[in-house]
Amino acid sequence: MLVMQLERLAALEVMSINTNAEAHRRFVAAEKALLECEQHLSNITVLENPACHIQSVGKNLWLISSKLKPSLQALIFLDDKSNIARRLNWRQSFE
């Protein structure tokens with residue numbers, strides 16, 4: 001009985017490690033998508049299929065949300081004169 005319990009515990013640990021690795025991989029992919037859209041915010045037409053939703057929230061502020069899961073959102077300030085985008089904050093969006 002003890003051997004069966006240890007096998008189950010080991011299987012659960014392997015599943016947990018795999019789940020954490022997959023979640024980390026998806027989080028990094030969503031962050032890369034945000035970063036790509038942020039870097040091309042002044043000329044968004046460069047991106048053929050943007051991996052994020054972009055909307056203006058007024059006064060040179062833009063809200064960028066990744067289309068990938070987990071969904072990440074970033075508030076970006078875009079300087080009109082220098083075309084430099086600066087991330088003000090970010091958060092994970094939960095559904």
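Modeller: A helix here is a DSSP run of H or I with at least four residues, numbered from the N terminus. Helix α1 covers residues 2–39, and E38 has its place in that helix. Please keep in mind that this is a predicted model.

Colleague: Why is E38 called buried?

Modeller: Buried means under 20% relative accessible area. E38 has a relative accessibility of 11%, and therefore counts as buried.

Colleague: Which residues does E38 touch, leaving aside those up to four places away in sequence?

Modeller: Contact requires heavy atoms within 4.5 Å. On that basis E38 touches I64, I76, A85 and R87.

Colleague: What makes the link between E38 and R87 a salt bridge?

Modeller: The cut-off is a side-chain nitrogen of Lys or Arg within 4 Å of a carboxyl oxygen of Asp or Glu. The closest N and O atoms of E38 and R87 are 2.8 Å apart, and the pair forms a salt bridge. Because E38 lies in helix α1 and R87 in strand β4, this pair ties together parts that are 49 residues apart in sequence.

Colleague: How many salt bridges does a search of the whole structure find?

Modeller: The search finds 4 salt bridges. One of them joins R26 to E22, whose closest N and O atoms are 3.0 Å apart. R26 and E22 are 4 residues apart in helix α1, which means a separation of about one helical turn. R26 is partly exposed at 41% relative accessibility, and E22 is partly exposed at 30%. Salt bridges also link E22, R25 and R26 in a network.

Colleague: What makes β1 and β4 edge strands?

Modeller: The sheet is open and has 4 strands in the order β1-β2-β3-β4, with antiparallel pairing. β1 (52–58) and β4 (85–93) each have a single partner strand, so one side of each is left without a neighbour in the sheet. On average, neighbouring strands are turned by 20° against each other, direction ignored.

Colleague: How do you know that β3 pairs with β4?

Modeller: Pairing calls for at least two bridges found by DSSP between the strands. Strand β3 (residues 71–78) is joined to β4 by 8 bridges, and therefore meets that condition. The two strands run antiparallel, and A74 stands opposite W90 in β4. Helix α1 packs on the sheet, where it touches β1, β2 (61–66), β3 and β4, and its direction makes about 20° with that of β3.

Colleague: Why does L2 count as exposed?

Modeller: Exposed means over 50% relative accessible area. L2 has 64% relative accessibility and so counts as exposed. This residue has its place in helix α1. Together with L6 and L9, L2 forms a nonpolar patch on the surface, and the three share about 340 Å² of accessible area.

Notes:
Residues numbered from 1 in each chain as written. Predicted model: local features only at pLDDT ≥ 70, side-chain atom pairs only at ≥ 80, totals over all residues. Heavy atoms only, no water. Buried < 20%, exposed > 50% of the residue type's maximum accessible area, 1.4 Å probe, protein only. Axes fitted to C-alpha atoms, helices over the stretch in contact; angles between N-to-C directions. Patch = residues over 30% accessible without salt bridge, like charges linked within 9 Å, V, L, I, M, F, W, Y side chains within 5 Å. Areas by Shrake-Rupley, 256 points an atom, 1.4 Å probe, with all protein chains shown as cover.
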